[in-house]
Amino acid sequence: MTARLTRALGDSALGRSSGGVVLDAETGAALFDGRAEVALTPASTTKIVTAVAVLASVGPDATFATKVVTGAAKNSIVLVGGGDPTLAGPKESRDLYPRPASLATLASRTAKALKAAKITTVTLGYDDSLFEGPVTPPGWKPTYVPEGSASPVTALAIDEGRVAPGQSARVPDPPRAAAAAFASLLMKNGIKVDKNIKPVTAGQTAKELARVESAPVYALVERMLTMSDNDLAEALARQVAIKEGLPHTFPGQAAAVHRVLGRLGLDKDITITDGSGLSIKNRITPTALARLLAASVLPANRDLHSLVTGLPIAGFTGTLHNRYDDSGSRPGRGLVRAKTGTLNGVNTLAGVAYTADGRLLAFAFMADDVPDPTAAVAALDRLATIVSQS
């Protein structure tokens, strides 16, 4: 395997800045080392870091609530964001996994509680103060939000800040858009809403009228990894900051992630400024990524197992569904599970595969100066296939 991987990693399609590693997942022993200690731009393989941190800190069974509480003034209510970007708006899709919380359900429950209190006219405010600071982090290109790669990172949003489900275009102010949609749904449920909808901060002693909760973290992690969901990655990273008691900001979430990884002994050679990998400032070594993957499969780390179940399957699911179709990678179809990473000039792949004798291996192959992304992707898939055929 070593000789084959050495030749494959030297493919000119991977450019002049690449590295790779293969570890025995059980023992952690390095079976292949090709510049494995050189820190490279990880792109979306950063989501592996986010997955480990949120599963270890927040926990796989945690959920995030979007609530409606009473406001300070008479007959006023406040829509409070809990950091769930998957909250579905009025045009929710019925075929999503995991099933998201629904703004329509929240409106129905709120209307029921208001009518029980004999209130049919309200003033609506919205509170997205759970997340603080700038809505984009250092290292994001200014085009990411306009082109739809990600939404502004806010604690209140519907459909991940999209104009409509399935579209890439994003609304400029996700909290305001969510509040406007909620007002429309309340009116459909027989509650009149004043047109003056403003951002407010809910009182600490405000009475809760209704809530909906997200899918559990383990399912959100699976979706984040399978679909390479940038919005979900940032929200999950921010939840780590909240759980760890650090500022609810991009610097706070980065510090929190590093703190959690430090507790696990897995923080070496990882530098991040976001949770999704869109940042060009992130740097991770192949060894660091492979160690995270190896740790996630150990029986002692049950809380981390959904990292592996969320990895796309070569040739079948997620961001690998349309890959592994040439002669060099086809034997890896169905055998490789891996997270992809793509930015301009950057292609990465990190995952797991069983050997022919049943040994589980963790690998990471990275290149951040590629001349041709299509050729680089094919080269990475061939490397992973060699691992699966060893």
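## Close-up views of a predicted model

View A. Let's start in the loop between helix H10 (306-310) and strand S11 (337-343), which is where Ser329 lies. This is a predicted model. Ser329 is buried, at a relative accessible area of 2%. Leaving aside residues up to four places away in sequence, Ser329 touches Tyr324, Asp381, Arg382 and Thr385.

**View B. The salt bridge of Arg382 and Asp11.** Arg382, one of the residues that Ser329 touches, also forms a side-chain salt bridge with Asp11 (3.1 Å, N to O). The two partners are 371 residues apart and link distant parts of the chain: Arg382 sits in helix H11 (residues 373-388), and Asp11 in the loop between helix H1 (2-9) and strand S1 (18-24). Arg382 is partly exposed, with a relative accessible area of 27%, and Asp11 is partly exposed at 23%.

View C. Through shared partners, salt bridges join Glu160, Arg162, Arg223 and Asp229 into one network. Glu160 also pairs with Arg162 (3.4 Å, N to O), and Arg162 is partly exposed at 22% relative accessibility.

**View D. Val221 in the largest nonpolar core.** This core has 52 residues, and Val221 and Leu307 have the most contacts inside it. Beyond its close sequence neighbours, up to four places away, Val221 touches Ala51, Val54, Leu55, Leu236, Ser306 and Leu307. Another core, of 29 residues, lies apart from it and includes Leu103, Ala111, Ile119 and Tyr126.

How values were computed:
Residues numbered from 1 in each chain as written. Predicted model: local features only at pLDDT ≥ 70, side-chain atom pairs only at ≥ 80, totals over all residues. Heavy atoms only, no water. Core = buried A, V, L, I, M, F, W, Y, C linked by side-chain atoms within 4.5 Å. Buried < 20%, exposed > 50% of the residue type's maximum accessible area, 1.4 Å probe, protein only. Contact = heavy atoms within 4.5 Å. Helix = DSSP H or I, 4+ residues; strand = E, 2+ residues; numbered from the N terminus. Salt bridge = Lys/Arg side-chain N within 4 Å of Asp/Glu carboxyl O.
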